[in-house]
Amino acid sequence: MSSLPIKLRVGSEIRATSESSKQVRRVPTRPAALSRMADEAFRYATLLCAASILGIVALIFYELIDKSKLSIGQFGWKFFSGTNWDPVAGDFGALPFVYGTVVSSVLSLLIAVPLAVGVAVFITEMCPKAFRGILSFFTELLAAIPSVIYGLWAVFVLVPIMREHVEPFLAKFLPWTGLFSGAPYGIGMLTAGIVLAIMVIPSISSITREVMTAVPQHQREAVLALGATRWEMIRTGVLRNARTGIIGGIMLGLGRALGETMAVTMVIGNRPEIAKSLFAPGYTLASVIANEFSEATDDLYLSALIEIGLALFLLTVIVNAIARLLVWSTTRGVPARVHGQ
């Protein structure tokens with residue numbers, strides 16, 4: 001008789017369970033066809049968002065080609081080999097701007113690359129964990145500062161320092177190079193290169209940190225186990241394996257240096273000439289567009305400026321595409337992580 005209440009409880013629990021399961025089964029579910037329609041709509045919406053980026057780039061390229069047809073038909077390839085820039089006479093040659101862009105960008109990389117790689121090595125391999133995030137934040141903060149602020153800082157701070165201290169020193173001790181001759185005005189190619197170097201350091205440092213953290217930890221441990229010092233471990237075990245990605249980061253920095261406008265325009269001097277001395281003023285592809293676009297009332301003048309924009313656009317796209325491929329070839333297949341954390 002004592003087992004009867006137990007059987008009753010078990011039976012009631014089974015009935016309750018079956019009733020609850022029936023209630024669960026009665027919950028209305030969305031039809032499979034409606035779910036498929038929602039998935040398809042979401043897929044096409046995201047595809048449209050991705051295609052819109054390609055469409056914008058294609059529209060920019062088409063507009064530049066269309067608006068520069070007059071200059072292309074008038075000058076052809078001689079446009080990029082001519083040195084005369086005379087809007088009054090309708091004679092346009094972009095070689096001084098190409099020269100100024102290349103010299104200022106290369107000079108900025110010569111200054112920025114050692115500093116950026118050094119910052120990345122310290123943050124990734126040697127910095128204490130307590131200061132790693134803070135130092136990374138302030139390094140990347142440089143990339144968030146508007147270029148016009150860099151230009152104002154250069155005009156009021158950097159230019160006087162260059163004119164009174166740096167350029168006289170270089171002219172006194174390195175005149176034999178021919179790169180540091182002429183009057184030290186403080187405004188010129190050297191100052192523009194320094195400003196660009198400060199602006200590209202965050203980009204190069206960020207990519208370098210990314211590719212260095214992609215190097216497996218056991219690679220470092222293996223080099224240290226063979227008796228290498230910390231510097232030897234970083235040089236052979238980390239930097240050597242990350243060199244392709246570091247080159248990609250450098251090229252990304254070059255892409256920004258090529259297209260930088262306001263800061264360079266404020267300190268480069270804006271004179272269309274080719275000079276050996278880094279003290280001399282110059283011009284870049286981006287700064288000539290910013291300076292003279294509002295003054296271009298003639299159709300040929302406007303078309304020449306747009307052709308300069310087309311050349312700058314193609315150059316920037318090619319450089320950034322190569323850089324992304326190099327970075328991808330180093331970091332592919334490696335999950336995002338932070339070394340040492």
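Start with α4 and α7: their crossing is right-handed. A crossing is right-handed if the near helix is turned clockwise from the far one by less than a right angle, and left-handed if anticlockwise. By class, this contact of α4 with α7 has 21 nonpolar, nine polar and two charged residues. Here Ala, Val, Leu, Ile, Met, Phe, Trp, Tyr, Cys and Pro count as nonpolar, Asp, Glu, Lys and Arg as charged, and the others, Gly among them, as polar.

A word on the source. This is a predicted model, where local features need pLDDT of at least 70 and side-chain atom pairs count only at pLDDT 80 or more, while totals for chains, interfaces and linings use all residues. Residues are numbered from 1 along each chain as its sequence is written, and side-chain values use heavy atoms, with hydrogens and water left out.

Helices are DSSP runs (H or I, at least four residues), numbered from the N terminus. Two packed helices are described by the angle between their axes and the distance between the axes. Axes are lines fitted to C-alpha atoms, for helices over the stretch in contact, and angles run from 0 to 180 degrees between N-to-C directions.

Back to our pair. The axes of α4 and α7 (residues 189–213) come within 5 Å and cross at roughly 40°. That makes α4 oblique to α7. Oblique is what remains after roughly parallel (under 35 degrees), roughly antiparallel (over 145) and roughly perpendicular (65 to 115).

α7 also packs with α5 (residues 129–144), at about 135° with axes 8 Å apart. So α5 is oblique to α7. Which residues of α5 meet α7? They are S136, T139, E140, L142 and A143, and they meet P202, S205, S206 and R209. Contact means heavy atoms within 4.5 Å.

Next pair: α8 (residues 217–225) and α9 (residues 230–239). Their angle is about 135°, and their axes lie 9 Å apart. Therefore α8 and α9 are oblique to each other. Their crossing is right-handed.

Last, the largest pocket. A pocket is an open set of points on a 1 Å grid where a 1.4 Å probe fits, with protein on both sides within 12 Å along at least five of seven lines; lining residues have an atom within 4 Å of a point. The lining has 14 residues, with W77, F80, E307, A311 and L314 nearest the centre. α13 supplies the largest share, six residues. By class, the lining has eleven nonpolar, two polar and one charged residues.

Technical notes: Helix = DSSP H or I, 4+ residues; strand = E, 2+ residues; numbered from the N terminus.
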